[in-house]
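I opened this notebook to record what I looked up in one protein model. The entries follow in the order in which I made them.

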Amino acid sequence: MQQKRLIVLRVLLAVAVVESFVHYLDNTVHWSDYVGTHPPTLTSWIARWMIPVSWIAFTAAGAIGYRRFRQQRWPQAAAWLGAYSGSGIVSLAHYLGISLSDLTPAQNVLVFADIALGFAILAFATWTALDSPPPTPAPA
């Protein structure tokens with residue numbers, strides 16, 4: 001069963017890392033598309049340079065979560081993966097200051113894919129926290 005969970009996690013993380021890289025890159029390159037002309041107060045403090053830096057930080061959290069999962073350190077894995085899920089869920093904030101029509105169809109696909117993957121990883125983290133077996137003892 002744990003091998004199946006590991007495969008699910010690998011697929012989720014691989015897709016999320018690649019998709020978020022493309023989305024965060026597009027967000028950085030086409031900054032003004034994503035923030036609009038009058039960003040809301042809630043997100044107005046975010047600067048362009050923060051986008052690639054946050055991608056690195058989120059991805060590091062995902063890598064640590066993956067490592068903890070492989071080590072069968074379930075609570076830590078769940079926490080780190082939960083933190084990584086924020087990488088996608090935070091994309092909901094795009095629509096606080098702009099509408100769907102302000103982005104291209106491709107940009108909207110990137111945003112929605114990021115959000116969906118974020119919630120999928122949050123669900124996996126929750127599943128890990130609530131339904132994980134005790135760690136397998138190391139061979140003597």
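**Entry 1: Gly82 and its surroundings**

I looked up the contacts of Gly82 and found that Gly82 touches Leu122 and Ala125, leaving aside residues up to four places away in sequence. Contact here means heavy atoms within 4.5 Å. I noted that the model is predicted, that local features need pLDDT of at least 70 and side-chain atom pairs pLDDT 80 or more, while totals for chains, interfaces and linings use all residues. Residues are numbered from 1 along each chain as its sequence is written, and side-chain values use heavy atoms, with hydrogens and water left out.

Gly82 lies in helix H4. I recorded that helices (H or I, at least four residues) and strands (E, at least two) are DSSP runs, numbered from the N terminus. Is Gly82 buried or partly exposed? Gly82 is partly exposed, because its relative accessible area is 23%; buried means under 20%, exposed over 50%, and partly exposed in between (1.4 Å probe, protein chains only). I also noted that the C-alpha atoms of Gly82 and Thr126 are separated by 7.7 Å, although the two residues are 44 apart along the chain.

**Entry 2: The overall fold**

I counted six helices and zero strands, which gives the pattern α-α-α-α-α-α along the sequence. The C-alpha trace spans about 60 × 25 × 20 Å along its principal axes. Of the 140 residues, 34% are buried. Among contacts with a separation of 6 or more, 77% are between residues 24 or more positions apart.

**Entry 3: The nonpolar cores**

I next looked for nonpolar cores, that is, sets of buried Ala, Val, Leu, Ile, Met, Phe, Trp, Tyr and Cys residues joined through side-chain atoms within 4.5 Å. The largest has 15 residues, and those with the most contacts inside it are Leu9, Leu13, Phe69, Leu81, Tyr84, Ile121 and Phe124. H1, helix H3 (50–70), H4 and H6 each give two or more residues to this core. Which element supplies the largest share of this core? The largest share, five residues, comes from H1. A second, separate core has six residues, including Tyr34, Ile98, Leu110 and Val111.

I then examined Ile121, which touches Leu12, Leu13, Ala16, Leu81, Tyr84 and Ser85, not counting residues up to four places away in sequence.

**Entry 4: The cavity**

I found one cavity of 30 Å³ or more. A cavity is a set of points on a 1 Å grid over the protein atoms alone where a 1.4 Å probe fits but cannot get out, and lining residues have an atom within 4 Å of a point. The largest cavity has a volume of about 50 Å³; grid points are joined across faces, edges and corners, and a volume is the space filled by probe spheres set on the points.

Its lining includes Ala16, Tyr84, Asp114 and Ile121. Helix H1 (2–29), helix H4 (74–89) and helix H6 (105–130) each supply at least two lining residues.

**Entry 5: The salt bridge**

I searched for salt bridges (a side-chain nitrogen of Lys or Arg within 4 Å of a carboxyl oxygen of Asp or Glu). The structure holds one, in which the side chains of Arg5 and Asp131 meet at 2.9 Å, N to O. The pair links distant parts of the chain, with Arg5 in helix H1 and Asp131 in the segment after H6, 126 residues apart. Arg5 counts as buried because its relative accessibility is 2%, whereas Asp131, at 44%, counts as partly exposed.

Terms used. 1 Å grid on protein atoms, 1.4 Å probe; cavity = no way out; pocket = protein on both sides within 12 Å on 5 of 7 lines; lining within 4 Å.
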